[in-house]
Amino acid sequence: MAKQIGSSLSVLAVSDLARSRAFYRDVLGFDVTDWWAERDGLNGMALKLHQAPEGFKPVPNPPEPGADTGIDVQGYTDTWAGLDALYEEFRSKGAAFARGPVVYPDFGPWKEFVVEDPDGYHLAFGGVDGGRAHCSIQPQIDSAILWVRDLDRAVDRYAKLMGLPVREEDRFGKLHLIRLDNGTHLMLDSHGMEGAPIPERGPSLKLAATDIERAKREAVGCGFELALDVQRLPTVAYFNLRDEDGNVVTVTQELVTS
C-alpha cells in the first residue's frame, strides 16, 4: 500500500501567538506561516502554534522520573558537527537553553542540548556521531534544479502543479526556490537561459500523485505538455509531462494490490 501519512506535527498552545511566531522564526530559524512553523520541511521539525484561550496557561511536559528537564519536542541530527553548528546558531541569536550540550556515554554516545521557548516548552536537539561524522557532504538530495527561460512563468506553473504558494522571500535574482513539504527544494534557475535552445531530456523529477487521471488533467490545465500518456503497471501508474523549456517530469501513483 502507498504511504498514507506523510508527516506529523507537534501542537503547542502558546500564550502570545505573535511572540511565539517571532521566536521560532528569528531565533530558531523556522519557516513560519499561518499554518505551521517548520525547520527543514514538514519531515524535519514541524509545529503548529495555537493561541491559547484567555486565562489558559501553557503546560509544558514535566520531567520523567530521574530527569531534571521535561521535553516537549525532540529533534534528531545526523552528526555532532551538525548538532554543534545548530547550537552555535541558536546561541548567537539569543536562544535560552534549559540544558547546554551534554554527552551521554551510555547511549550511543548521545549528545544533546535543550532550548526553552517563551512559554517554557523545551525542544531537545540531539544525535549520535555515526559513521558519517567525518563526511562533509550529507547523504541527501537538497534541491532539484531545472533550467528555465521565463522564470516568472515557470514558477507560477510549477507552484500551481503542486498547490504551493509563490513567496517573494524565495526569489534570489534569477533563481527561485519552491519549498517542498519534505524539506527539499525545487530550484528554478534562469541564469544565462534567455534564448537558449530547448534540449532533448529524459525525466528530471518524479512527483507522487493520489489520483493519476486527475493529476494528468490538472497538469495539462497548468500548461504542461503530456509527453507520455498514463501507463499502468501492476503496482504503479505513471505519465510524463514536459514544460516549455524541455524539462520532463514523471508523475506516479502507487496502486493498491490485494
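This is a predicted model: local features need pLDDT of at least 70, side-chain atom pairs count only at pLDDT 80 or more; totals for chains, interfaces and linings use all residues.
Student: How many helices and strands does the secondary structure of the chain come to?

Tutor: The C-alpha trace of this chain spans about 60 × 45 × 45 Å along its principal axes. Within that span, the secondary structure comes to 4 helices and 16 strands.

Student: What percentage of the 258 residues of the chain count as buried?

Tutor: A residue counts as buried when its relative accessible area is under 20%. The accessible surface of the chain comes to about 15100 Å², with 52% of this belonging to carbon and sulfur atoms. By the stated cut-off, the buried share of the 258 residues is 40%.

Student: Why do the buried residues of α1 line one face of the helix?

Tutor: Helix α1 covers residues 17-27, and its buried residues are L17, S20, F23, Y24 and V27. When the helix is viewed down its axis, these buried residues line one face because they fall within an arc of 145°.

Student: Which elements are included in what covers the buried residues of α1?

Tutor: The buried residues in question are L17, S20, F23, Y24 and V27. Their cover includes one helix, α2 (80-92), along with the strands β1 (10-14), β2 (31-32), β4 (45-51), β7 (110-116) and β8 (122-128).

Student: Which residue just after α1 takes a positive phi?

Tutor: At the start of α1, a side-chain oxygen of D16 comes within 3.3 Å of the backbone nitrogen of A18. Just after the helix, a positive phi of about 70° is taken by G29.

Definitions and conventions. Residues are numbered from 1 along each chain as its sequence is written. Side-chain values use heavy atoms; hydrogens and water are left out. Helices (H or I, at least four residues) and strands (E, at least two) are DSSP runs, numbered from the N terminus. Buried means under 20% relative accessible area, exposed over 50%, partly exposed in between (1.4 Å probe, protein chains only). Accessible areas come from the Shrake-Rupley method with a 1.4 Å probe; for residues, only the protein chains shown count as cover. The arc is that of the directions from the helix axis to the C-beta atoms. Contact means heavy atoms within 4.5 Å. A polar contact is a pair of N or O atoms within 3.5 Å; within protein, one must be able to donate a hydrogen and the other to accept it, and residues adjacent in sequence count only if both atoms are side-chain atoms.
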